[in-house]
Amino acid sequence: MMTNIQKQQTLERDDYLRFRLPEALKERFKLYCYLKGITMSDTVREMIEEVLRNENLEELLQEKLLQEKLRDTPKEEEDE
């Protein structure tokens, strides 16, 4: 019988991200992970989670919406 955690893990699918890094940076990161005994994937996943834990996404969204509203406001409306 599957536990709730096992069911959730079964429903969640890993996805792939592809991005470019300078070769020297990649090699240093690879060495770091090797020396720490952790995978590159686990390390990147943890770093992303850490960034998201430390950011207020709602606040960032509000700031972005305000910036876009100001950018899209015609000049005449700003002067009024």
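Arg53 lies in helix H3, where helices (H or I, at least four residues) and strands (E, at least two) are DSSP runs numbered from the N terminus. At 57% relative accessibility Arg53 counts as exposed, given that buried means under 20% relative accessible area, exposed over 50%, and partly exposed in between, with a 1.4 Å probe and protein chains only. The model is a predicted one, in which local features need pLDDT of at least 70 and side-chain atom pairs count only at pLDDT 80 or more, while totals for chains, interfaces and linings use all residues. Residues are numbered from 1 along each chain as its sequence is written, and side-chain values use heavy atoms, with hydrogens and water left out.

**Overall make-up**

- The protein chain contains 5 helices and 0 strands, and its elements run α-α-α-α-α from the N terminus on.
- Of the 80 residues in the protein chain, buried residues make up 4%.
- The protein chain exposes about 8500 Å², of which carbon and sulfur atoms supply 54%; accessible areas come from the Shrake-Rupley method with a 1.4 Å probe, and for residues only the protein chains shown count as cover.

**Salt bridges**

- The structure holds 3 salt bridges, a salt bridge being a side-chain nitrogen of Lys or Arg within 4 Å of a carboxyl oxygen of Asp or Glu.
- Arg53 takes part in one of them, with Glu50, at 2.7 Å from N to O; the two side chains are also joined by a polar contact of 2.7 Å, a term that covers a pair of N or O atoms within 3.5 Å, where within protein one must be able to donate a hydrogen and the other to accept it, and residues adjacent in sequence count only if both atoms are side-chain atoms.
- Arg45 forms a salt bridge with Asp42, in which the closest N and O atoms are 2.6 Å apart; being 3 residues apart in helix H3, Arg45 and Asp42 are separated by about one helical turn.
- Arg45 is partly exposed, with a relative accessible area of 40%, and Asp42 also counts as partly exposed, at 33% relative accessibility.
- An α-helix has 3.6 residues a turn, so residues three or four places apart point the same way.
- The side chains of Arg71 and Asp72 meet in a salt bridge of 3.2 Å, N to O, and both Arg71 and Asp72 are exposed.

**Thr43 in helix H3**

- Thr43, found in helix H3, is buried, with a relative accessible area of 6%.
- A polar atom of the Thr43 side chain lies 2.8 Å from the backbone oxygen of Thr39.
- Leaving aside neighbours within four places in sequence, Thr43 is in contact with Phe29, Tyr32, Cys33 and Ile38, contact meaning heavy atoms within 4.5 Å.

**Nonpolar surface patch**

- Leu17, Phe19, Leu21, Leu25, Ile48, Val51, Leu52, Leu57 and Leu60 make a nonpolar surface patch of about 850 Å²; patches are made of residues with over 30% relative accessible area and no salt bridge, like charges being joined within 9 Å and nonpolar side chains (Val, Leu, Ile, Met, Phe, Trp, Tyr) within 5 Å.
- Helix H3 (40-53) and helix H4 (57-72) each supply at least two residues of the patch, and the largest share, 3 residues, comes from H3.
- Leu21, placed in the loop between helix H1 (4-11) and helix H2 (23-36), is partly exposed, with a relative accessible area of 40%.

**Helix geometry and ends**

- The 14 residues of H2 should span 20 Å at 1.5 Å a residue, and its end C-alpha atoms are 20 Å apart, which agrees; the expected span is 1.5 Å times one less than the number of residues.
- Just after H2, Gly37 takes a positive phi of about 75°.
- H4 has 16 residues and reaches 22 Å from its first C-alpha to its last, close to the 22 Å expected at 1.5 Å a residue.
- The N-terminal end of H4 is capped by Asn56, a side-chain oxygen of which lies 3.1 Å from the backbone nitrogen of Glu58.
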